Amino acid sequence: MKIAAIGDPHGNLEKITKIPLDHVDLILLTGDLGKTDILRRQALQYLNIPNPGPKEKLSHAEGFRQAFLTAHETVLKLAGYLAGFCPVFIVRGNADLSNYDTRKFSRTFSIELPFLYQDLSAIRGVRLIDNRVADFKGLRIGGIKYFTDICWAEEFELAGIEKIRRRALQDTDKINSVLGRFGRLDILLTHVPPYGVLDRVDSALIPPSWIGRHAGSKIVLEYILQEQPGYVFCGHIHEGEGFEKLGRSEVYNLGMGGSKIVEL
Ligand SMILES: [Fe+2]
């Protein structure tokens, strides 16, 4: 059986169409599916307005709606293309819009927006495996969606910010129990890489003091060391793209639209 794992596509369908997917039995996606750069710009512009009133909301609503729909459509186009080959398993990345975010945006701008995961699930062959184990022809494949590990907040000196600390502690607790339930896996599909493995940040967009720090998760690392899944596929830290072995586990950070085809 051939399995193709693809790293954070970020809406780059052109790159994805170059991956040879004929005769592949299953596709795994590490999250961050759509093109969200325009949406992020729009959101930042809006956040920089001090005390936005109804007039500001109205003037930003249409631009925001368009940017949201662009991001949404790139995801559906990509998922539809991939599902044309074989079943597709997906985990959520930090750039993918949750129902919670969508509701919040709808309320803020008084606009109607589509829900990403509802529309994705409607595509035949597409399956979201956030925080659960999926069986594929006898293979156990575990999915971990984006979360903030408390070790990340500490590494980047953000743990002192109460809101970040609380969320990271809650996330870490939750994912720890999810991983505890996973047991043995053939494949772990996780948006966030394991701590210290293909997770070193290096980008012009971050504060210089952060360069070289590790943005991975210690609980994901512990799980891999303990349970030794055959393969681990991750994304998130695009500059960490590469391959490393952790005991018997082969770990691949597939970067932004990178891919690896394995035969099991
Ligand atoms: Fe990403």
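## Strand pairing around E8

Two strands count as paired if DSSP finds at least two bridges between them. In this predicted model, strand E7 (residues 187–190) and strand E8 are joined by four bridges and run parallel.

## Side chains of E8

In a regular strand the side chains alternate between the two faces of the sheet. Strand E8 (residues 231–234) can be read in those terms: Tyr-231 and Phe-233 point one way, while Val-232 and Cys-234 point the other way. Are these residues buried or exposed? Tyr-231, Val-232, Phe-233 and Cys-234 are all buried.

Strands of a sheet pair through backbone hydrogen bonds, either parallel or antiparallel. An open sheet is formed by five strands in the order E4-E3-E2-E1-E11, with mixed pairing. Its edges are strand E4 (126–128) and strand E11 (259–263), each of which pairs on one side only. On average, neighbouring strands of this sheet are turned by 20° against each other, direction ignored.

Within the sheet, strand E2 (residues 26–29) and strand E3 (residues 88–90) run parallel and are joined by three bridges. Leu-28 stands opposite Phe-89 in E3. Which strands does helix H3 lie across? Helix H3 (residues 54–83) lies across E2, E3 and E4, and runs at about 140° to E3.

## Phe-182 in helix H7

Phe-182 belongs to helix H7, which covers residues 162–182. Why does Phe-182 count as partly exposed? A residue needs 20 or more other C-beta atoms within 10 Å of its own to be buried, and is exposed with 12 or fewer. Phe-182 has 19 C-beta neighbours inside 10 Å and therefore counts as partly exposed.

Leaving aside residues up to four places away in sequence, Phe-182 touches Val-133 and Gly-142. Asp-25 lies 157 residues from Phe-182 along the chain, and the C-alpha atoms of Asp-25 and Phe-182 are separated by 23 Å.

Technical notes:
Residues numbered from 1 in each chain as written. Predicted model: local features only at pLDDT ≥ 70, side-chain atom pairs only at ≥ 80, totals over all residues. Helix = DSSP H or I, 4+ residues; strand = E, 2+ residues; numbered from the N terminus. Axes fitted to C-alpha atoms, helices over the stretch in contact; angles between N-to-C directions. Contact = placed C-beta atoms within 7 Å.
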